[in-house]
Amino acid sequence: MNRKESDQLYKKATQLFPGGVNSPVRAFLSVSDRPFFVKKGKGAYLFDVDGNQYLDYVASWGAIILGHAYEGLINEISIAIENGTSYGTCHPYEIELAGLIIEAFPPVQMLRFTSSGTEATMSAIRVARGFSKKKGIIKFRGCYHGHVDSLLVKAGSGMATYGIPDSGGIVEELARYTFIADFNDIDSVYRVVRNNKDIACMIIEPVMGNMGVILPEKDFLQGLYEICKKEEILLICDEVITGFRVTYGGAYAFYGIEPDIICLGKIIGGGFPIGVFGGKREIMEQIAPLGTVYQAGTLSGNPVAVRAGIYVLKYLRENSPYALFDKRAEILKKHILSLAEKYSIPYTINSITGMFTGFFSKKEIRNYLSASEIDRAMYQRFFKYMLEEGIFFAPSPFEASFFTISHGEKEITRTIEAYEKVFAKLNRDS
Ligand SMILES: *Cc1c(COP(=O)(O)O)cnc(C)c1O
């Protein structure tokens, strides 16, 4: 595979950006490779500057559920742009998108748009603290909620990949208010709340997507919900990945819980920068200008991003892709697992509608610890071989792979064929 142009650009980029990238997971360092530079995307495919084509399972980290450059969405955005790209004041579309979100997320009575998922979780924590007048946060080992200071403690993929437990530059005194519990381990949560009465909120990805896909076990989320109610801890569900991906709404609804605050991002902007947090009215009314909790943004509720979001949500409401996602995942899983058997590759697949992760492990992956025991060296080789086959999986073993509506039968077949070749090579290597 010729990557001459990409390599030249990478060389320039490394002079300009730390690691040559504008987000660390893009650097390919954890798979000892270097990034390709994208010229364009179309449907399920990316095309790089050297003319290589990749079937894209990263899908902008789950943000582009309609695939790249979806025609209807392009038309909508073009119309939106003709009317201006940012107003810095109110417009009707923010009300329309809010309406769609509230309809799909009944616990949300009031919300506020931001420009990223990070801003949504950061603001959610602030309002939870402002409302409860308490300080502590419970978060789960391996869950990622954006690069918020208080939340960069045991935060999954990016950091698990680089073996940095926490981030530099974070005030220790602040991190001390973040209490870590283990996913799928309700006792670890009891241990935290038994010793600390000053807990404002608990933040969780109801289905983990940032340590690879990890599903909550039976009654785990229900158990959390009950602890939160009893201890008066606000429950924040971070659905930045799962919102409108696992269903038309949120993953929380599968598990019979009702979060106090929900955070969304990624899909709801149709590939534009966006985030939103929302919840019960009495909580959200603490936010300025009504309350004392300050939160703001020059580009929040950006008209182009919001209209893109409206288009995507309406599309998903009217042309539900979720049953098809399940069918495609079923076929993929069945074939891949039988290929793993055939070539003696230790492989486990976790999936939920619209997203999956293949782990190089024979063991069940149910929390941070089991995920961090996978065979990273084998993933490195897998990643490179797949790239040579023209298939782009995330450059880290701790990420989810995403379907878009453009991942059709042809793409599934192509993926299975590539798996056969790659597993055969991995078998030969070992
Ligand atoms: C991506 C992500 C975020 C952060 O969103 P950004 O738009 O990257 O700031 C927060 N929470 C979860 C679960 C995410 O996957």
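Buried area is the accessible area, taken with a 1.4 Å probe, that two parts lose on being put together, summed over both. The size of an interface is often given in this way, as the accessible area lost when the parts come together. The model discussed here is a predicted one.

The protein chain is divided into domain 1, made up of 4-65 + 321-429, and domain 2, which covers 71-318. Their C-alpha centres lie 26 Å apart, and the contact between them draws 37 residues from domain 1 and 33 residues from domain 2. The area buried between domain 1 and domain 2 is about 2,900 Å², with carbon and sulfur atoms giving 64% of that area. On the side of domain 1, the residues that lose the most area to domain 2 are Y322, R366 and Y368, which together account for 24% of what that side buries.

How many salt bridges does the rule find across the interface of domain 1 and domain 2? There is 1 salt bridge between the two domains. The side chains of R366 and E217 meet in a salt bridge, with an N to O distance of 2.6 Å. Polar contacts between domain 1 and domain 2 amount to 10 residue pairs, counted where both residues are at pLDDT 80 or more.

Two or more residues each are given to the side of domain 1 that touches domain 2 by helix 11 (322-342), strand 11 (348-352), strand 12 (355-359) and helix 12 (368-372), and strand 12 gives the most, with 4 residues. By residue class, this side of domain 1 divides into 23 nonpolar, 10 polar and 4 charged residues.

**The surroundings of the ligand**

The residues around the ligand are S116, G117, T118, Y144, H145, G146, E205, N210, D238, V240, I241 and K266.

| Residue | Protein atom | Ligand atom | Distance |
|---|---|---|---|
| Y144 | polar backbone atom | nitrogen | 3.4 Å |
| N210 | side-chain N or O atom | oxygen | 3.2 Å |
| D238 | polar side-chain atom | nitrogen | 2.6 Å |

**Backbone geometry**

Most residues other than glycine have a negative phi, and most peptide bonds are trans. In this model, the peptide bond from A288 to P289 is cis, with omega near 10°, and P289 is placed in the loop between helix 9 (281-284) and helix 10 (303-318). A69, a residue other than glycine, has a positive phi, near 50°, and A69 lies in the loop between strand 3 (53-56) and helix 2 (71-82).

Note on methods:
Residues are numbered from 1 along each chain as its sequence is written. This is a predicted model: local features need pLDDT of at least 70, side-chain atom pairs count only at pLDDT 80 or more; totals for chains, interfaces and linings use all residues. Side-chain values use heavy atoms; hydrogens and water are left out. Domain bounds come from an automatic or database domain assignment. Contact means heavy atoms within 4.5 Å. A salt bridge is a side-chain nitrogen of Lys or Arg within 4 Å of a carboxyl oxygen of Asp or Glu. A polar contact is a pair of N or O atoms within 3.5 Å; within protein, one must be able to donate a hydrogen and the other to accept it, and residues adjacent in sequence count only if both atoms are side-chain atoms. Ala, Val, Leu, Ile, Met, Phe, Trp, Tyr, Cys and Pro count as nonpolar, Asp, Glu, Lys and Arg as charged, and the others, Gly among them, as polar. A residue is near a molecule or strand if one of its heavy atoms lies within 4 Å of it.
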